[in-house]
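Colleague: I have not looked at this one before. Can you walk me through it?

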Amino acid sequence: QIVMIKKILIGILMTFAASQFFKPQKNTSVENTNGIHTKYSVPENVNHLLEVACNDCHSNKTAYPWYATIQPVAWWLNMHVVDGKKHLSFSTFTRLPIAVQNHKFEEVIEMVEKKEMPLASYTYLGLHKEADLSDEQRKTITDWAKAQMDSLKVSYPPDSLILKRKAPPATTN
């Protein structure tokens, strides 16, 4: 029985060691041609909050912590970044249709107000302390997002800001 446990532990250790050679590609692009800053006013205080609380998962530039080099943590972090950018990327924001941009501002407001963002796992155990936003910081971000939506309302026809849902496929009898 002890021999079997040793073999299992050696197998786990070898798998862990081998996994260190397979690392996901890092999210460190400087490409920002369609970044939110290219179209929208982002005051320095808002920009700072976005940098410390949002951009690691919602932009093309992730600041990786030291433990991001250890597998399987690197894969787990990579999945978070890929998923975060799928939902919202400040680096490609202006590439989106205007109705989608407006909707993304709505989502920012909703997620920040409900304290669903940043994710609690991002600030666990004191990690990323600066991302653990105060109520005042949350209000700063949401007020900014609301102001961007207001500027869109002034600049675009109302129907162009409504996110149109795809109609369900027609059924044939």
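Predicted model: local features only at pLDDT ≥ 70, side-chain atom pairs only at ≥ 80, totals over all residues.

Colleague: How much space lies in the second largest pocket?

Modeller: About 230 Å³.

Colleague: And what does its lining divide into?

Modeller: The lining of the second largest pocket has 8 polar, 4 nonpolar and 3 charged residues. Helix 2 gives the largest share of that lining, 3 residues.

Colleague: Which residues of helix 2 are buried?

Modeller: Helix 2 covers residues 44-53, and Val46, Asn47, Leu49, Leu50, Val52 and Ala53 are buried there. Among what covers them are helix 3 (55-58), helix 6 (120-123) and helix 7 (135-155).

Colleague: Now the largest pocket. Which residues lie nearest its centre?

Modeller: Cys57, His58, Gly84, Met117 and Leu119, out of 33 lining residues. Helix 4 supplies the largest share of the lining, 7 residues. The space in this pocket is about 710 Å³, and its lining divides into 22 nonpolar, 7 polar and 4 charged residues.

Colleague: Changing topic: which residues have the most contacts inside the largest nonpolar core?

Modeller: Ile36, Phe90, Phe105 and Trp144, in a core of 26 residues. Helix 2, helix 5 (98-113) and helix 7 each give this core at least two residues.

Colleague: What is Phe90 in contact with, leaving aside neighbours within four places in sequence?

Modeller: Its contacts include Ile36, Leu50, His58 and Val108.

Conventions. Residues numbered from 1 in each chain as written. Heavy atoms only, no water. Buried < 20%, exposed > 50% of the residue type's maximum accessible area, 1.4 Å probe, protein only. Helix = DSSP H or I, 4+ residues; strand = E, 2+ residues; numbered from the N terminus. Contact = heavy atoms within 4.5 Å. Core = buried A, V, L, I, M, F, W, Y, C linked by side-chain atoms within 4.5 Å. 1 Å grid on protein atoms, 1.4 Å probe; cavity = no way out; pocket = protein on both sides within 12 Å on 5 of 7 lines; lining within 4 Å. Points joined across faces, edges and corners; volume = space filled by probe spheres on them. Nonpolar A, V, L, I, M, F, W, Y, C, P; charged D, E, K, R; others polar.
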